[in-house]
Amino acid sequence: MANPHYLSSYIVTFHTFALLHGQHANPYYTKVVESDRTFIVEKTPLEIMRESCAHYRSNFESIINSSKLDLRNRPKPPIMLTHSNDRPLLFFPLLSPTLHKNSWVAYHAVKDAVQHEDGVTVMLKNDTQMHLDTSLATVYRQMALSHILSQRFENAQEELRSSYYMIMEPKSSDSTIS
C-alpha cells in the first residue's frame with residue numbers, strides 16, 4: 001500500500017458515516033467517510049457491505065430479505081448490519097443495494113439535507129457536508145424507511161425485555177416425560 005490514505009479492506013462501524021462510489025479516480029474503490037476522517041478502500045461499497053455483514057455474523061442477502069419483509073417489499077431497503085447497546089447500525093442505499101456503483105449512508109450520521117441543481121448536500125452530525133448525486137426525495141424516503149426499521153428493532157427489543165412475552169402456556173406435548 002503506497003499511499004497511507006488507501007486501505008485494502010474495511011469493516012463498517014458506528015464511526016462510519018458513508019461509503020461513496022464514483023467520487024474518486026478509480027470506480028472500483030470506495031471513499032469512506034468516518035466521523036473524523038476520510039480515506040479510500042480498494043473495494044466497492046458492495047464488497048465492503050458484504051464483508052461487514054459476514055464480520056457481524058450474518059450475510060448480505062439475509063439482511064436485505066429481512067428489511068424487505070419489514071418494509072413490505074420496498075425497493076432499495078435500508079439495512080441493519082448489527083446493533084450495540086440497543087442501538088441499531090442502519091445504512092441506507094442510494095441505488096439498488098446489489099449494484100457495485102451504489103453508495104451507502106449511515107442513518108445515524110445524517111443531520112439534514114438540502115436539494116441543489118445537481119444533487120443533494122447532506123449535512124452530517126460532525127458538521128461536515130457531503131454532496132450526493134441523488135434527489136432530496138430519495139434521501140428523505142430512505143431516512144423514513146430507516147426510521148421504520150429502527151422502530152421495528154426498538155419494538156422487538158422491548159418485547160424481548162418484557163416478561164409478558166416470555167410466559168408461555170404449556171401444551172400437552174410440552175409436558176414432562178415420566
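**Salt bridges, sheet and a charged patch**

Glu 51 is partly exposed, with a relative accessible area of 28%; buried means under 20% relative accessible area, exposed over 50%, and partly exposed in between (1.4 Å probe, protein chains only). The model is predicted, and local features need pLDDT of at least 70, side-chain atom pairs count only at pLDDT 80 or more, while totals for chains, interfaces and linings use all residues. Residues are numbered from 1 along each chain as its sequence is written, and side-chain values use heavy atoms, with hydrogens and water left out.

The side chain of Glu 51 meets that of Lys 43 in a salt bridge of 2.7 Å, N to O. A salt bridge here is a side-chain nitrogen of Lys or Arg within 4 Å of a carboxyl oxygen of Asp or Glu. Lys 43 is buried at 18%. The structure holds six salt bridges. Another of them joins the side chains of Arg 37 and Glu 34 (2.7 Å, N to O); Arg 37 is partly exposed at 45%, whereas Glu 34 is buried at 7%.

Next comes the sheet. Seven strands form an open sheet of mixed pairing, in the order E1-E4-E3-E2-E7-E6-E5. Its edge strands are E1 (6-7) and E5, each pairing on one side only. Strands (E, at least two residues) and helices (H or I, at least four) are DSSP runs numbered from the N terminus, and two strands pair if DSSP finds at least two bridges between them. His 83 faces Pro 88 in E6. The hairpin of E5 and E6 has two residues between the strands, and Asn 85 takes a positive phi near 50° there.

Asp 86 is linked with Glu 158 and Arg 161 in a network of salt bridges. Arg 161 is partly exposed at 47%, and Glu 158 is partly exposed at 46%.

Helix H3 (residues 136-161) also holds Arg 152, which is partly exposed at 36%. Arg 152 gathers with Arg 72, Arg 74 and Arg 141 in a surface patch of positive charge. Patches are made of residues with over 30% relative accessible area and no salt bridge, like charges being joined within 9 Å and nonpolar side chains (Val, Leu, Ile, Met, Phe, Trp, Tyr) within 5 Å.

Notes. Areas by Shrake-Rupley, 256 points an atom, 1.4 Å probe, with all protein chains shown as cover. Lys, Arg positive; Asp, Glu negative; His and termini not counted. Charge placed at Lys NZ, Arg CZ, Asp CG, Glu CD.
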